[in-house]
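Here's a quick walk through the structure, one question at a time. Have a look at it first, then read on.

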Amino acid sequence: MSAPLYQLKAEFFKTLGHPVRIRVLELLSEREHAVSEMLLEVGVEAAHLSQQLAVLRRANLVVPRREGSAVYYSLANPQVAELLRVARSLLSGVLTGQAELLADLKAAEPDTTPPTRRRRSS
């Protein structure tokens, strides 16, 4: 019997649960990149990037292409780019809501300035 869909989804999102992997997918959402280019953009050591690319390959999220001694990666499916765009939109909404909540909380704070330091209204 195969795993339930919710389990597969959980595994999928675990795969996405690493900042380096997300950064790599964001770069590849723009265009194909050579590993050497990604090293500069992502800012991690080659061995670490290689490990993260292997995780993404096993999950069938990226595909490699060899050209001479260079290896290039691209997204296996353009819907990955769409998923990242949706995630950005969701996060933007959450952060906007949190900023509004913080502003409301600050506006509702009682004035704790000592009476001698409060400004007088004219």
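This is a predicted model: local features need pLDDT of at least 70, side-chain atom pairs count only at pLDDT 80 or more; totals for chains, interfaces and linings use all residues.

Q: At what angle do α2 and helix α5 pack?
A: Helices are DSSP runs of H or I with at least four residues, strands are E runs of at least two, and both are numbered from the N terminus. Axes are lines fitted to C-alpha atoms, for helices over the stretch in contact, and angles run from 0 to 180 degrees between N-to-C directions. For α2 and α5 (residues 79–108), the axes lie 9 Å apart and the packing angle is about 115°.

Q: How do the axes of helix α2 and helix α4 cross, and is α2 roughly parallel or roughly perpendicular to α4?
A: The axes of α2 (residues 19–30) and α4 (residues 46–58) come within 10 Å and cross at roughly 75°. Angles under 35 degrees count as roughly parallel, over 145 as roughly antiparallel, 65 to 115 as roughly perpendicular and the rest as oblique. That makes α2, relative to α4, roughly perpendicular.

Q: Which residues in α4 do Val20, Arg21, Val24 and Leu25 in α2 meet?
A: Look along α4 for the partners of these α2 residues. They are His48, Leu49, Gln52, Leu53, Val55 and Leu56.

Q: Is Thr15 buried or exposed?
A: Thr15 sits in helix α1 (residues 5–15). Leaving aside neighbours within four places in sequence, Thr15 is in contact with Arg21, Val55, Leu56, Ala59 and Leu61. Buried means under 20% relative accessible area, exposed over 50%, and partly exposed in between (1.4 Å probe, protein chains only). At 14% relative accessibility, Thr15 counts as buried.

Q: Which strands stand at the edges of the open sheet?
A: The open sheet has 3 strands in the order β1-β3-β2, with antiparallel pairing; two strands pair if DSSP finds at least two bridges between them. Each edge strand has a single partner strand, so one side of each is left without a neighbour in the sheet. Those edge strands are β1 (33–34) and β2 (62–67).

Q: What is the bridge partner of His33 in β3?
A: β1 and strand β3 (residues 70–75) run antiparallel, joined by 2 bridges. Within β3, the partner of His33 is Tyr73.

Q: Where does Gly68 take a positive phi, and near what value?
A: β2 and β3 pair in the antiparallel sense over 6 bridges, with Glu67 opposite Ala70 in β3. The hairpin of these strands has 2 residues between them, and there the phi of Gly68 is near 65°.

Q: Is Asn60 buried or exposed?
A: You'll find Asn60 in the loop between α4 and β2. Asn60 has a positive phi, near 60°, in a residue other than glycine. At 59% relative accessibility, Asn60 counts as exposed.

Q: What separates the C-alpha atoms of Pro64 and Arg88?
A: Pro64 belongs to strand β2, and at 43% relative accessibility it counts as partly exposed. Pro64 and Arg88 are 24 residues apart along the chain, and their C-alpha atoms are separated by 26 Å.

Conventions:
Residues are numbered from 1 along each chain as its sequence is written. Side-chain values use heavy atoms; hydrogens and water are left out. Contact means heavy atoms within 4.5 Å.
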